[in-house]
Amino acid sequence: MIPFIILVVLILLILISCIRIVPQAHAYVVERLGAYKETWPVGLHLKAPLIDRVAVNVNLKEQVIDFPPQPVITKDNVTMQIDTVVYFQITDPRLYCYGVENPIMAIENLTATTLRNVIGDLELDETLTSRETINVKMRASLDVATDPWGIKINRVELKNIIPPAAIKDAMEKQMKAERERREAILIAEGEKKSTILIAEGKKESAILDAEAEKQAAILRAEAKKEATVREAEGQAEAILKVQQANADGLKMLKEAGADERVMQLKSLEAFSKAADGKATKIIVPSDIAGIAGLATTIADVVKEK
């Protein structure tokens, strides 16, 4: 009875060991009697006991390898250290298992040789400024070379480019000189713009001052002209009123029946007021008795100022 139970337990253990569950993003490479049989995808699988075995558990996720710095020589014979990062993914588990002995080492060596070939066609300055070009060339070369291994190269990145110490010092001095040159240019341009702005400000100020002086002179001339006109109009109006008053006075005397002598005296007063101290010449008749007749010809008096 006991041997039977042991036999049943052994059979159960063998059956359980033949059950395999493949997790997500993995694949199992199965061999039968040492030869490749099949590749199991994700899910539940059964293998034949004793004759089948899972040879390799292949990770199908994208993987990253950071290789140590590699010495390379540029076209102008400058030796530098460059380390790369490779992003790859296994696309065919069978080729990955049987295509190359050590896929990671193979990728590392292939990356180093490809990097030397690409950098060898570039000069130092091109190497430092053409990272994207180098990445594209290396990815294309590595992807073609790793196809027989069931590996796809997704990306290749240059992590660090380490030039020699002497070259690094020279580059730092060059960058420092370039920064100082740009600083001097910026200072000179700032001073130039400042000088131009100051000159333009003085020019605009002078123009505004001249325009203000011009407007002030025009206003002063117009005010003086207006004052002269008003003064002349006032003097004319005053003379007119004096003459009108004299005429009215003579008219009133005449209407009042004044004798001829009074008329002559008033006429003479009219002459003196007409002159007003400003006339240089007054014509007076030799016959004083004819002065009364001059009352009606006052307009004939000649004034010369």
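Predicted model: local features only at pLDDT ≥ 70, side-chain atom pairs only at ≥ 80, totals over all residues.

Analyst: Residues are numbered from 1 along each chain as its sequence is written, and side-chain values use heavy atoms, with hydrogens and water left out.

User: How many helices and strands are there in the protein chain?

Analyst: Helices (H or I, at least four residues) and strands (E, at least two) are DSSP runs numbered from the N terminus. On that basis the protein chain has eight helices and nine strands.

User: What percentage of the residues in the protein chain is buried?

Analyst: Buried means under 20% relative accessible area, exposed over 50%, and partly exposed in between, with a 1.4 Å probe and protein chains only. The protein chain has 305 residues, and the buried share is 24%.

User: Where is A25 found?

Analyst: Most residues other than glycine have a negative phi. A25 is not a glycine, yet its phi is positive, at about 65°. Its position is the loop between β1 (19-22) and β2 (26-32).

User: Is L33 buried or exposed?

Analyst: L33 lies in the loop between β2 and β3 (35-40). Phi of L33 is positive, near 55°, in a residue other than glycine. With a relative accessible area of 71%, L33 is exposed.

User: Which strands stand at the edges of the open sheet of three strands?

Analyst: Two strands pair if DSSP finds at least two bridges between them. The open sheet has the order β3-β2-β5, with antiparallel pairing. Each edge strand has a single partner strand, so one side of each is left without a neighbour in the sheet; these strands are β3 and β5 (52-59).

User: Which residue in β5 stands opposite H26?

Analyst: β2 and β5 run antiparallel and are joined by seven bridges. Opposite H26 stands N59.

User: Which residue in the turn of the hairpin formed by β7 and β8 has a positive phi?

Analyst: Strand β7 (residues 70-73) and strand β8 (residues 79-90) pair in the antiparallel sense over four bridges. Five residues lie between the two strands of this hairpin. The turn residue with a positive phi, about 60°, is N77.

User: Which residues form the covered face of β7?

Analyst: P71 and I73 belong to the uncovered face of β7. Q70 stands opposite I82 in β8. The covered face consists of Q70 and V72.
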